[in-house]
Each structure stands twice: as C-alpha cells, then as structure tokens.
Amino acid sequence: MAFVKGLGTNNGNWKQNNNNNNALETVNLFPEEVTNIIYVSAVYDHYICFLSSDDKLYQSNPNSFQSKLKAFENLPPMKCVDSGFYHFFSISDEEIPKVYGWGRNGYHQIGLNNNNTTRVDKPTLVQALKDKKIGSVHPSGYSSLVLSSEDQIVYGCGQNSSGELGIISTNQNAMIKLHENVVKVFSGHSEHSFIIKTDGEIYAFGYNQGGQYGNGTILTQDTPQKVKLEFAAEEISKMVSGYKMTALVTTDGFYLCLKIIKNIAAGYGYLVYLTEDNEIWTGGNFNNNNSLKKITNLSENELSFNTLRCCDFSTFFLFRSETNSYLSQDLGKLLENGHFSDCKIKNIPVHKLLIEARLDHDFDEISKYLEESCQLKDIENLLQWIYCDEIRNQKKTIEILNHFGIQKPQKNETFKKNDLRKLLFDEETSDFTLVVQNDENEDDNEDYDEEDIEEEELAVHKFILAARSGLFLDLFQNLDKNLKKVKDYSKKIIRYN
C-alpha cells in the first residue's frame, strides 16, 4: 500500500472521520495496485492529486466521502505534479517533456491561449510549451511559472495585477516568455515568486504587502528586484512561499526553538516544520492556532516519513516510499542538496564513489556513456535508482542498467549490501581518517597514562557519514569553513574520546 498520512481538517474527505485532532491519520484512498507515492499536491477547493511510482496521476473527489482514487486516463507517464491556489500542473516523463494543466482557470492560469475561463476538469496539454523542454513547473496563486531546462528561460501566464509574472503588463491568457538566464524558481501558494539567475543573484517580484521579499520593504514590484541575503544562493536547500510570507532552509540548517529543521512547507497563512528529531511544528494560522506550536512527534514506524506538502487552509500531508530503506533515504538527501559532491554529470552534482559502487564501472566510462547516449531526464531517473532505490521510468532505466551489466532489479529494490560495503575502510578511496581512542579504563585505573591509550585509525568517506548523521554533517561543514586557507587537508585527523 502507499504510505501517506495527513493532519488537519478533513477538506477533501480524505479522513475516515471528521475529527480535527492533532494526530497523523493514514490516507486510505488508494486502490490496491498503488504501492508507492512520490508526489502529493492539493488545491484550496479540496482536490488532492497524487503521483504514483508507476507515473500515473490520481485525483481525489472532494464531493464523495472516502471514494477510492481513480487514475486519469489517456495520459503519458508523468514525473511530477504541483499546485497553486486552485489549479495543478504536471510534467510528462518523455524525451521532450510536456506540460499539462487543469483546475480553475478564471485568470487563464493554465495558459491554454483561449477566452475560456471555466474549470478544466482533466490534465490538458499546454500547447505553447510542447517543444520547450520544461524542467520544472511552479503554479502559484492565480498565475503560473515554468522553467525551461534547455535554455534557462521562464515562461508564465495568468494573473498579473500585482506583478505576479514579473513584468509590467496585464493578465496573460497564454504562456509567454518572461525572464532569461534563470537556474531556479521558487513559488507556491502565494502571489509572489523568487528566481535565481546564472550569476547567483536572487530576485523577487509580485505581492509584497507582508514584506515577503525579505528586503526590508513592503513595496510590491512589477519587475524582478534584487534581494540581498546573509548567505549565497547556493546555500539555499529549500525555499517555500505562502500567503504573505516566505521561509527557507539553508545547507547549514535552520533553527526553530533551538531545533534543526530538515523540511519545511507553506500553506495559506501557516508553515509546517519537520525537525531533525522528528517533531512536527506549525506556525501561523493553522487550525485557528496563531502561535508557534509543536503538534506531534513521529512514532517509531513513521520516522521515514520525510516529505511535507501543505494543501489548503489547515491541512498537510506527510509521505514516504513504502520500501525505501533508511540508507536510501539518507543518500537521497545527498542527491537533493549535493553535500560533498566531487563531480558532475550534465551539471548534476554527484558523488563519484557512489556512482562507481552502484554501477560497478569506472566513473569516466559511466559519465561518457550517460553524457553521449542519454537525455537529462534519463540521467535523473537513473540517479533516483542509484541514490534512492526508486525506478521511475522502468524501460529506460533498466536499459541503462543492462548496459552496465546489471540485471533487471525488482521495483524499488533495496540496496545490495555489497554496493557500499566495498568502500568500508578503503584507504585508497577515503577522504578522511577517524582516530578512535580506547580509553574505557581511564576512570577505573589509578595507573592510567594518556600515552598508553590505544588508537585505531579508520578510513572513511565524508559524504557517507554526512548523509547518515547530522553530527558529522555539521562537523565536516564547519571544518571545511575553518580550513579554507589550508591547501591540503584531505587527510586531517579527528580524535574521538
């Protein structure tokens, strides 16, 4: 079964009862054939959309209590889904990805280039984008932004009364070219957006009456305004925007009540935080509670629930893959944040030793084949298997694995122990040495002498320890900062008592 849990009001009829207590409840809307959910999204009129690992889109019926989800028919495989206030966008998993939109269309936010403003009931191809190789979609309030992965151009449509599109113009009923040289877009359940350009600068535009730009003003701007933050753009691991607010998490960690935040999501006037010690907090107007408050702790069997999505005014969902191991979840974070990556494949930061261990070939050979023979989306799908044990496009991913002599794995097959065990204490490939001291008799032995302490050196890999432990992540990050002026510190010694 697919593992999705929700908390909050029962908008969308996803609960078995209508209680609003602060306890996570399982979403029992999935047919038996759905075994893994990789995206959840929802809109304010209570439609909830799920993308399963077999690349199908399922949508709930808010008017039918606890009815099982049905997949949309006659669609290509999909690879992501996201939502604004009342509309959805999804990208197909094809050689040239296509963008599909549906939901309310009162401000032409779906971009169908016609005068129809009635609701669109099923995913509909956005014709203006069919040849653009769109890499990400960012539906927001009553407008939409999309980013081309090929030419780094932002296209958009919909409402522009507060500069939501970042141009001086009226509302747009078709997708038009907006901004160039853009590498990232951050938007959400809001009427403002951020973009990061190729030069690393961050820009904001749209509604700003709540000071959501973070630049010390409440002046709404029609065109992108440069935002100066205390850290560089590459240090932002996640940014979310809700109504009149913005929040972000940096690679160094974001602290809430002295707790480290590992995930964050924004709804309409509230934020939800998942802490490193597996507590869920909310801030803002969640369930008519306007204070910062801890809602619940994750139970033992919920510890791998690590993906948050806020939905409407007072609901959020937390989900995970059913068969993902803790190891694959930890390494999946490396793929997302790029900590300690040492090389790239088509500009995607990766970890050479992990790639070699999983595919059992030399990295240069692997990289050359992928660069010359595979589309970007095929490489992204392969990396999902390498890091996360997820097979999203079985046919092409298995074709690549077969090229490297790997037989067809079972769907979501867990890591083979030998994949990473071959790196254990390997001095040739390690980039760090731990010195472990055996001083267990220090307190009991009157003749104790520090010179008699036994030490054992362990050859380790920073990226693996950092992925598996927040302690090591913080240790290595701070060490790197303190040793920037040291030319060669790849074999420094850390002593543990």
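Contact, in these legends, means heavy atoms within 4.5 Å. This is a predicted model, where local features need pLDDT of at least 70, side-chain atom pairs count only at pLDDT 80 or more, and totals for chains, interfaces and linings use all residues. Residues are numbered from 1 along each chain as its sequence is written, and side-chain values use heavy atoms, with hydrogens and water left out.

View 1. Helices (H or I, at least four residues) and strands (E, at least two) are DSSP runs, numbered from the N terminus. With neighbours within four places in sequence set aside, Asn105 is in contact with Ile110, Gly111, Asn116, Thr117, Thr118 and Val120. Its relative accessibility is 3%, so Asn105 counts as buried. As for the cut-offs, buried means under 20% relative accessible area, exposed over 50%, and partly exposed in between (1.4 Å probe, protein chains only).

**View 2. The whole chain, for orientation.** Zooming out, the protein chain has eight helices and 32 strands. It has 497 residues, of which 53% count as buried. Take the contacts in the chain with a separation of 6 or more: residues 24 or more positions apart account for 51% of them. The accessible surface of the protein chain is about 23300 Å², and 44% of it belongs to carbon and sulfur atoms. Those areas come from the Shrake-Rupley method with a 1.4 Å probe; for residues, only the protein chains shown count as cover.

**View 3. The open sheet E11-E12-E13-E14.** Four strands line up here in the order E11-E12-E13-E14, with antiparallel pairing. Strand E11 (134-139) and strand E14 (172-179) are at the edges with a single partner strand each, so one side of each has no neighbour in the sheet. On average, neighbouring strands of this sheet are turned by 20° against each other, direction ignored. The axes behind that angle are lines fitted to C-alpha atoms (for helices, over the stretch in contact), and angles run from 0 to 180 degrees between N-to-C directions. Inside the sheet, strand E12 (residues 143-148) pairs with strand E13 (residues 154-158) in the antiparallel sense over five bridges. Two strands pair if DSSP finds at least two bridges between them. Look for Val146, which stands opposite Tyr155 in E13.

View 4. Val183 and Ile196 are 13 residues apart along the chain, and their C-alpha atoms are separated by 5.8 Å. Not counting residues up to four places away in sequence, Val183 touches Leu147, Gln152, Ile196, Lys197 and Thr198. A polar contact of 3.1 Å joins the Ser187 and Ser193 side chains. That term covers a pair of N or O atoms within 3.5 Å; within protein, one must be able to donate a hydrogen and the other to accept it, and residues adjacent in sequence count only if both atoms are side-chain atoms. Residues up to four places away aside, Ser187 touches His138, Ser140, His192, Ser193 and Ser241.

**View 5. The E19–E20 hairpin.** Strand E19 (residues 236-242) is mostly covered, with five of its seven residues buried. E19 and strand E20 (residues 245-250) pair in the antiparallel sense over six bridges, and Met239 stands opposite Leu248 in E20. The hairpin has two residues between the strands, and Lys244 takes a positive phi near 60°.

View 6. Helix H4 (residues 376-388) has 13 residues and should span 18 Å at 1.5 Å a residue, which agrees with its end C-alpha atoms being 18 Å apart. The expected span is 1.5 Å times one less than the number of residues. H4 is mostly covered, with 11 of its 13 residues buried, including Lys377, Trp385 and Cys388. Asp389 follows H4 and has a positive phi, near 60°. Lys79, in strand E7 (residues 78-83), is buried, with a relative accessible area of 14%. Beyond residues up to four places away in sequence, Lys79 touches Tyr39, Leu51, Ile91, Ser92, Asp93, Pro97, Lys377 and Glu380.
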